[in-house]
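Here is a short report for someone meeting this protein for the opening time. Look at the sequence and the model, then read on.

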Amino acid sequence: MLFIEAIALVLLVAGLLTGRAPAGTELWSGAVLCLLGIAYSEMAVGVERERRRLGGASHVDLSSVWTFAAALVLPGAHAALVAALIMLHLWVRAWREWVPLHRQMFSVATVVLACIAVGELLDHVGGERQPLWLVIGAMVLFMAVNSGLIAAVVSVNIPGAGPATLFGPRDENLLEVGMLCMGALTAVAIALNPVLLLLTLLPLYVVLRAVLVRPLEAAACTDGKTGLLNAATWVAEAERVLAGTDRAERAGGVLMLDLDHFKAVNDTHGHAVGDHVLSAVAHALHRVVRARDLVGRMGGEEFVVLPRRAASGERSVELDSVELEVVAERIRAHVADLRLEVPTLRGPLTVAGLTVSIGGAVASPDGSDLPALLQTADTALYEAKRAGRNTVRVAVASSVPSVVNLPSAPLVNPGSGARAKD
């Protein structure tokens, strides 16, 4: 990261000292873009803070509409200077609580290098009037330099990271392309009449608020302590799968997990350590089950898993039972191997010896509804507890519809207190 920042600084200074000086109209355009970029930041401070709080690390910088516009109307180094000022101002006003300064400086460096690269392209290929193909080429180059450098650093820090980790989700990349397109239109507007740029602020603010929709939806569906689905969302998704609305997938049963002696963890080390344990178990579940399996936290130290697989004709209860027990045993063994280093006020604390009891319910040949599966799994879980804990019990659910009160609203920060099964 320091190497990239050093290169960006050297090229920026060299470009400012020895590169082409901007004409008077270009200077005015750059000043207007800088002021509007800062005005946009002030309008969006609250939304950006909420976006960072909800979304965590984000691959999309919505100020690229201004930075790319600057790259189209100014020489590369001067465009980079405008971009750096806008990004640093936005960091000071909205991001510094979540983004450390050294990370922000790296982000600034990647945008600086992207602006300089676009400037070199336009100086050597473009003329007084830039054709559409050249603008599209500049957009691709800007995104490739910016995203490519970030992906390279991520790949070094996270070996084997997949495309979604390196480049971000597809919708975020589409949003980035949209912002670059708006940047190109902003450059056109400033060439025609700078006053037209005032019309871009409100649409950009609306887009920024719309970006919050997905993080807000995710927050409403997610358990705050573990990142798993909360109870209501898990139930809704599980009922959808069991109802067969998606013919490409099916579920043969349900697993219900309960941490053994979790109350002792809370009583001995405190609820903060208990929360670390819950989070670690949630991560362990994600590592063991497949990506398409439904994993949720039902409350306290109780978790639930609905394994899903591709529909492939008739299945026997015996085969479903064996597969469910194999998954449960993998989970049980993985949790038993956990060894956590938890930071505390008195120094690091090692938590080991965790175990989990698991009850499984296999759907009957005639089909079982979700309440029947959960009731059977809960009974099997009690059997696992009575058998000495740290064990698995699997039973076949009844095909008779059951009446069980299922969660109908998301749990709001459910506590980490012990349940009766403990």
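The buried residues of helix α9 are Leu-175, Glu-176, Met-179, Leu-180, Gly-183, Ala-184, Thr-186, Ala-187, Ala-189 and Ile-190. This is a predicted model. An α-helix has 3.6 residues a turn, so residues three or four places apart point the same way. The cover over the buried residues of α9 includes α2, α4, α7 and α10.

How does the length of α9 check out? Helix α9 runs over residues 170-192 and has 23 residues. At 1.5 Å a residue it should span 33 Å, and its end C-alpha atoms are 33 Å apart, which agrees.

One of the covering helices, α4, covers residues 64-73 and contains Ser-64. Is Ser-64 buried or exposed? Its relative accessibility is 2%, so Ser-64 counts as buried; the cut-off for buried is under 20%. Beyond its neighbours within four places in sequence, Ser-64 is in contact with Ala-69, Glu-176, Met-179 and Leu-180. Glu-176, Met-179 and Leu-180 are also among the buried residues of α9.

Now the sheet. Five strands make an open sheet with mixed pairing, in the order β3-β4-β2-β8-β9. Its edge strands are β3 and β9, each pairing on one side only. From one strand to the next, the twist averages 20°. Strands of a sheet pair through backbone hydrogen bonds, either parallel or antiparallel. For β3 and β4 the sense is antiparallel, over five bridges. Within this pair, Val-295 stands opposite Val-305 in β4.

Helix α16, residues 370-386, packs on the sheet. Which strands does α16 touch? They are β2, β4, β8 and β9. The direction of α16 makes about 140° with that of β8.

The strands of the sheet have these ranges:

| β3 | 294-299 |
| β4 | 302-306 |
| β9 | 392-396 |

Last, the whole protein. The secondary structure comes to 16 helices and nine strands. Of the 422 residues, 46% count as buried. Among contacts with a separation of 6 or more, 77% are between residues 24 or more positions apart. The accessible surface comes to about 20500 Å², and 62% of that belongs to carbon and sulfur atoms.

Technical notes: Residues numbered from 1 in each chain as written. Predicted model: local features only at pLDDT ≥ 70, side-chain atom pairs only at ≥ 80, totals over all residues. Heavy atoms only, no water. Helix = DSSP H or I, 4+ residues; strand = E, 2+ residues; numbered from the N terminus. Buried < 20%, exposed > 50% of the residue type's maximum accessible area, 1.4 Å probe, protein only. Contact = heavy atoms within 4.5 Å. Areas by Shrake-Rupley, 256 points an atom, 1.4 Å probe, with all protein chains shown as cover. Expected span 1.5 Å × (residues − 1). Pairing = 2+ DSSP bridges. Axes fitted to C-alpha atoms, helices over the stretch in contact; angles between N-to-C directions.
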